[in-house]
Amino acid sequence: MMTHSFVINLDNYDIPVRGSTGALIVGKPGSGKSVLVSYLMLMMMTLGAFPIIFDTKRSDFFSLKYLFHVSNCIEKSSKTTQNVETPVICSTPSQVAKSLRILTELMNRRYEEHQNHWGWDWIDYNLRPIVVVFDEFAATISEADRKTESEITKYLKQLIFKARQMGGIYLLLASQRLTADVLERNISSEFSTRIGMQNLDRISLDLAFPGCNLDEIPIVENIPGHGLIYNDHFDTLIPQPFIAPDMTNVDVPSVFKNLFERNKNNTFGQEEYWPW
Ligand SMILES: Nc1ncnc2c1ncn2[C@@H]1O[C@H](COP(=O)(O)OP(=O)(O)OP(=O)(O)O)[C@@H](O)[C@H]1O
Ligand SMILES: [Mg+2]
């Protein structure tokens, strides 16, 4: 059994990845969501994670497509046509729905193929983690047609409820505003880490930090990168103030590319059903 517990450090808080669904990040435009998500994504890639990116606003994360494409073409040529159609960076709701379906299938395969040890998880089985970046979740939902929206919600729910043990799939879900229409309360509370950037409106606060008296929630400075963090492993329900790492001097695309290339040679277990 593996004792390595995957942990991400965030402003002196240790955020366990093992046994976690991922992180939910809410905040108004310009509050620092994408910067924080890029940090968490790179930290996951440092742990060896394979990245999948949903950015239907085609902003920061979408731009990774250009450098990513080059490296991906090399991979593609040696693989079957099915892999060519498995997008890693998705810019339309229907691509997002498709990717989520592929992730759900991968998760289910992992459960089927790895059940000989009672209580083992993806780390014990040495399976490669996957980090899913979903930037501007509410925007993607509002852009999707009815059928696509319900597909996205259906697969996302399965991943959120089931992936923590055997999926090895860590979700980073960022959204400007949260309402129960876009993310049901029983889903948002499944995220082991919940983050509000700057000050939030009461509805978003209530969804991000359920069960918490709104009057007890600390006030945050209205500076990008400042926020509140809650984690299942903290000994309080009250979210704590934190400051996200300043990434201004980090060349995210080139770090992304380096980690992506480096991780092609990894010591995770081979999975013949691996879709990318
Ligand atoms: N942790 C941080 N430290 C210092 N500056 C930051 C930090 N986070 C964000 N900023 C500054 O704020 C700007 C906006 O951040 P970011 O793009 O992450 O916001 P956002 O919430 O994703 O906004 P949008 O809703 O427009 O996508 C950044 O370009 C950067 O200049
Ligand atoms: Mg953003």
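Biologist: In what order do the eight strands of the open sheet lie?

Modeller: This is a predicted model, in which local features need pLDDT of at least 70, side-chain atom pairs count only at pLDDT 80 or more, and totals for chains, interfaces and linings use all residues. Residues are numbered from 1 along each chain as its sequence is written, chains are lettered from A and ligands numbered from 1 in the order in which they are written, and side-chain values use heavy atoms, with hydrogens and water left out. In general, strands of a sheet pair through backbone hydrogen bonds, either parallel or antiparallel. Strands here are DSSP runs of E with at least two residues, helices are runs of H or I with at least four, both numbered from the N terminus, and two strands pair if DSSP finds at least two bridges between them. The open sheet has the order β5-β4-β6-β7-β3-β8-β9-β10, with mixed pairing. Because β5 (89–90) and β10 (240–243) each have a single partner strand, they stand at the edges, and one side of each is left without a neighbour in the sheet.

Biologist: Which way do β3 and β7 run, and how many bridges join them?

Modeller: Strand β3 (residues 22–26) and strand β7 (residues 169–175) run parallel and are joined by five bridges, one pairing Ala 23 with Leu 172 in β7.

Biologist: In which sense do β1 and β2 pair?

Modeller: Strand β1 (residues 7–10) pairs with strand β2 (residues 13–16) in the antiparallel sense, over four bridges, and Ile 8 has Ile 15 as its bridge partner in β2. The two strands form a hairpin with two residues between them, where Asp 11 in the turn has a positive phi of about 45°.

Biologist: Which backbone atoms make polar contacts with ligand 1?

Modeller: A polar contact with the ligand is a pair of N or O atoms within 3.5 Å. A backbone N or O atom of Gly 30 lies 2.7 Å from a ligand oxygen atom, the corresponding distance for Gly 32 is 3.1 Å, and a polar backbone atom of Ala 244 is 3.0 Å from a nitrogen atom of ligand 1.

Notes. Polar contact = N/O pair within 3.5 Å; in protein donor to acceptor, adjacent residues only side chain to side chain.
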